[in-house]
Amino acid sequence: MVETVIQYSEKIESTHLLGPGDRAVLWVFGCCFNCSGCIAYNFKHGTCIEDTAENLAQWFLDTKNDGITISGGEPMLQAMELSKMIEMIREKRDVGIVVYSGFTYEELKKKADQDLGVKNFLSQIDILIDGPYREELNHNEPYRGSSNQRILPLTGRYAGAMEAYYQTSEGRDIEVRIRGDKTLMIGVPSKDQAAIWQEIKRLDQF
Ligand code: SF4
């Protein structure tokens, strides 16, 4: 049997910053967009790790987290592979899926007519944060990079948690984790936080 391989840049467990509950996050590698001001440079051009969907599903199951958020990079470029990973996870545990994509929901629905991977993946997503990052629309709203991006519930899974989680925060929060000699920022940073992060990364290189 041919193994399903996923290319990713980072994965972490147990954060509250990228969706309701205690979540793991997988940042996939590669992006087809070129948003001005993108701070996810490493997920487009930097570290690319390959692992099987099966191993990544097991990694997530071992975390015991309530859900997984998939960001990047552009998750839809690996829609079929990610949908297989989610299938494997949900065979063992019914968990919530949050996805950040540079495509709009309308674009994805059209793609789904032609692309079985996108169709399957889209059908598994509970909350989609959609659309490309637009620097001029970065108004420091929490949980999204710019105000053109929408937080869309695609299922009823988070009906009780959506409003409390997405509407009550007053601003953007980030976490910085240090693992070995690497630093990782989690969350959607404000402009000031992004500038501090760039300085940390600059110092990281010395
Ligand atoms: S979609 Fe995300 S990762 Fe891709 S260029 Fe835009 S901001 Fe960067």
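**Stop 1**

Select M85: apart from neighbours within four places in sequence, M85 is in contact with I6, A53, L56 and A57. Two residues are in contact if their C-beta atoms, placed from the backbone, lie within 7 Å. This is a predicted model, in which local features need pLDDT of at least 70 and side-chain atom pairs count only at pLDDT 80 or more, while totals for chains, interfaces and linings use all residues. Residues are numbered from 1 along each chain as its sequence is written.

The largest nonpolar core has 44 residues, and L26 and M85 touch the most other members. A nonpolar core is a set of buried Ala, Val, Leu, Ile, Met, Phe, Trp, Tyr and Cys residues joined through C-beta atoms within 7 Å. A residue is buried if 20 or more other C-beta atoms lie within 10 Å of its own, exposed if 12 or fewer, and partly exposed in between, with C-beta atoms placed from the backbone. In soluble globular proteins, nonpolar side chains tend to be buried together.

**Stop 1: helix 3**

Select residues 79-92, which make up helix 3. Helices (H or I, at least four residues) and strands (E, at least two) are DSSP runs, numbered from the N terminus. Helix 3 has 14 residues and reaches 20 Å from its first C-alpha to its last, close to the 20 Å expected at 1.5 Å a residue. The expected span is 1.5 Å times one less than the number of residues.

Which residues of helix 3 are buried? They are A79, L82, S83, K84, M85, I86 and I89. Show their surroundings: these buried residues pack against strand 1, helix 2 (53-63), strand 4, strand 5 and helix 5 (116-124).

I86 counts as buried because it has 22 C-beta neighbours inside 10 Å. Not counting residues up to four places away in sequence, I86 touches I97 and Q124.

**Stop 2: strand 5**

Select residues 96-100, which form strand 5; five of its five residues are buried. G96, V98 and Y100 point one way from the strand, and I97 and V99 the other way.

On one side, four bridges join strand 5 to strand 4 (residues 67-71), and the two run parallel. The bridge partner of T69 in strand 5 is V98. Trace the chain from strand 4 through helix 3 to strand 5: this β-α-β crossover is right-handed. Right-handed is the term if, with the strands pointing away from the viewer, the path from the first strand over the helix to the second runs clockwise.

Strand 5 also pairs with strand 6 (residues 127-130), in the parallel sense over three bridges. In strand 6, V98 stands opposite I127, and Y100 stands opposite I129.

**Stop 3: the sheet**

Continue to strand 6, where I127 and I129 point one way and L128 and D130 the other way, and all are buried. Strand 6 and strand 7 pair in the antiparallel sense over four bridges. L128 has L152 as its bridge partner in strand 7.

Two strands pair if DSSP finds at least two bridges between them.

**Stop 4: backbone details in the loops**

Go to G73, in the loop between strand 4 and helix 3. The peptide bond from G72 to G73 is cis, with omega near 10°.

Finish in the loop between strand 6 and strand 7, which holds N140 and Y143. N140 has a positive phi of about 60° although it is not a glycine. The phi of Y143, also not a glycine, is positive at about 75°. Buried or partly exposed: which is N140? N140 counts as partly exposed because it has 15 C-beta neighbours inside 10 Å. Y143 has 20 such neighbours and therefore counts as buried.
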